[in-house]
Amino acid sequence: MIRCDALIVGGGPAGSTAARALRRAGLDVIVLDKAAFPRDKTCAGWITPPVLDLLELDVDDYRRTREFQPITGFRVGQIGGPLIESNYNRPVSFAIRRCEFDNYLLQRSGAKLQLGEPLRTFERHDNLWRINNEIETPLLIGAGGHFCPIARKLNESSEAAQPLVAAQEVEFEMSPAQAARCNVDPNLPELFFCPDLTGYGWCVRKHNHLNVGLGREDPRALSQHVARFVDQLKKSSRIPPDTPAKFHGHAYILYTHTRPQRIADGTLLIGDAAGLAHPRTGEGIRTAIESALLAAQTVISADGNYARAQLTPYTTALAKNFGPPESQNNWFAHIPLRIKQALAARLFATRWFTRKVVLDRWFLAAS
Ligand SMILES: Cc1cc2nc3c(=O)[nH]c(=O)nc-3n(C[C@H](O)[C@H](O)[C@H](O)COP(=O)(O)OP(=O)(O)OC[C@H]3O[C@@H](n4cnc5c(N)ncnc54)[C@H](O)[C@@H]3O)c2cc1C
């Protein structure tokens with residue numbers, strides 16, 4: 001039997017950040033991931049400046065051999081409507097490729113890595129977790145993303161009722177001919193909101209890589225919505241006509257629809273496993289990193305005693321950091337949907353709303 005101080009399931013941004021913070025505090029950490037890295041993750045790859053600070057990222061080192069596209073503004077509108085450009089004339093965000101980003105963070109974490117190996121079993125005896133019948137640890141951190149088996153176990157009773165965002169996306173390297181027929185400016189990603197107010201689509205260009213996707217809070221008929229969206233992008237010559245048709249699907253839970261249980265004896269959930277994506281934008285890389293750092297602080301202070309009560313500072317810190325989950329019963333929820341839709345159609349056609357509300361308040365808040 002292998003022993004370690006902490007076993008982290010999942011080597012995405014949440015898992016690698018927690019691993020690094022715990023290694024720095026002297027803990028013996030293993031990260032277990034079912035995927036062999038580098039692995040891809042369905043994601044537009046948009047990150048905000050606080051992510052760089054939280055990660056203490058050596059940007060010069062990172063960008064030397066990896067994609068790191070500065071974003072100086074956005075084009076925003078509704079699907080089928082006009083796009084309004086807001087240019088900040090300085091980098092306000094960046095675009096990375098998840099296959100590169102996640103691998104870089106995991107390799108620099110300093111943890112022992114068991115990759116290409118899924119979590120098969122986890123049982124608890126005498127304050128110790130036994131994982132896959134080969135590892136024993138007092139602390140199990142669930143960082144397995146939306147499908148994290150530890151999160152599922154902790155929230156068994158409430159799982160059926162969880163509303164979520166379902167998304168489909170493709171990222172591919174354009175040939176020179178495709179790049180010539182792509183009218184998306186790498187500095188200005190494009191955001192297209194659904195007229196029924198259930199989500200948004202995007203085109204993010206990272207030099208010659210193009211990422212196109214659509215996420216909706218209503219998962220019904222997602223493939224048809226994606227097909228119509230892509231069709232419009234092609235007709236308006238925004239993306240190449242031979243953009244690959246095979247989109248990959250994934251899901252995540254917004255902080256508004258949050259999973260109630262994030263701790264148990266000897267257990268913490270971080271990142272998507274804890275349901276922390278930003279309620280308006282779906283930004284989840286930053287919340288994954290923030291929650292990992294908060295969890296690591298709690299673990300270090302707990303000094304080996306991982307009873308549930310010792311881990312509550314983590315949930316208190318999450319509430320302080322992310323605020324109370326937004327009430328579904330605010331005044332806006334009571335306005336009839338067709339009035340909201342009509343109002344949104346007008347607002348999305350204005351420079352003020354797309355810049356001051358969509359970008360400054362939602363997408364770039366606190367950047
Ligand atoms: C289509 C789409 C676009 C998005 N775009 C953005 C964006 O542009 N910017 C942004 O900030 N956020 C975006 N997000 C959200 C963001 O991708 C996630 O919030 C983020 O990846 C969460 O990180 P994580 O470390 O919690 O989980 P993940 O990155 O999902 O990592 C989880 C890891 O756990 C491993 N794992 C899962 N199950 C097991 C198991 N049983 N055993 C072992 N290992 C396991 C997986 O292999 C994976 O490596 C997007 C999400 C989607 C779906």
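Proline 38 is placed in the loop between β3 and β4 (46–47), where strands (E, at least two residues) and helices (H or I, at least four) are DSSP runs numbered from the N terminus. The peptide bond that joins phenylalanine 37 to proline 38 is cis, with omega at about 0°. For context, most peptide bonds are trans, and most residues other than glycine have a negative phi.

The model is a predicted one, in which local features need pLDDT of at least 70 and side-chain atom pairs count only at pLDDT 80 or more, whereas totals for chains, interfaces and linings use all residues. Residues are numbered from 1 along each chain as its sequence is written, and side-chain values use heavy atoms, with hydrogens and water left out.

The protein is divided into domain 1 (2–45 + 97–161 + 254–322) and domain 2 (165–251 + 329–363), with bounds that come from an automatic or database domain assignment. Contact between the domains (heavy atoms within 4.5 Å) takes 13 residues from domain 1 and 16 residues from domain 2. The centres of the two domains, taken over C-alpha atoms, are separated by 30 Å. The buried area, that is, the accessible area (1.4 Å probe) that two parts lose on being put together, summed over both, is about 1300 Å² between domain 1 and domain 2, and carbon and sulfur atoms give 53% of it.

Because both domain 1 and domain 2 give residues to the shell around the ligand, the ligand lies between them. Of the 36 residues around the ligand, those that come nearest are Asp33, Arg39, Trp46, Arg98 and Asp272, a residue being near if one of its heavy atoms lies within 4 Å. The shell is made up of 18 nonpolar, 11 polar and seven charged residues; in this grouping Ala, Val, Leu, Ile, Met, Phe, Trp, Tyr, Cys and Pro count as nonpolar, Asp, Glu, Lys and Arg as charged, and the others, Gly among them, as polar. At least two residues of the shell are supplied by each of α1 (13–24), β3 (29–33), β18 (248–252) and α8 (285–302).

A nitrogen atom of the ligand lies 3.0 Å from a backbone N or O atom of lysine 34, and a ligand nitrogen atom is 2.9 Å from a polar backbone atom of tryptophan 46. An oxygen atom of the ligand lies 3.2 Å from a backbone N or O atom of glycine 45. The protein buries 94% of the 1000 Å² that the ligand exposes when taken alone, with accessible areas from the Shrake-Rupley method and a 1.4 Å probe.

Key. Polar contact = N/O pair within 3.5 Å; in protein donor to acceptor, adjacent residues only side chain to side chain.
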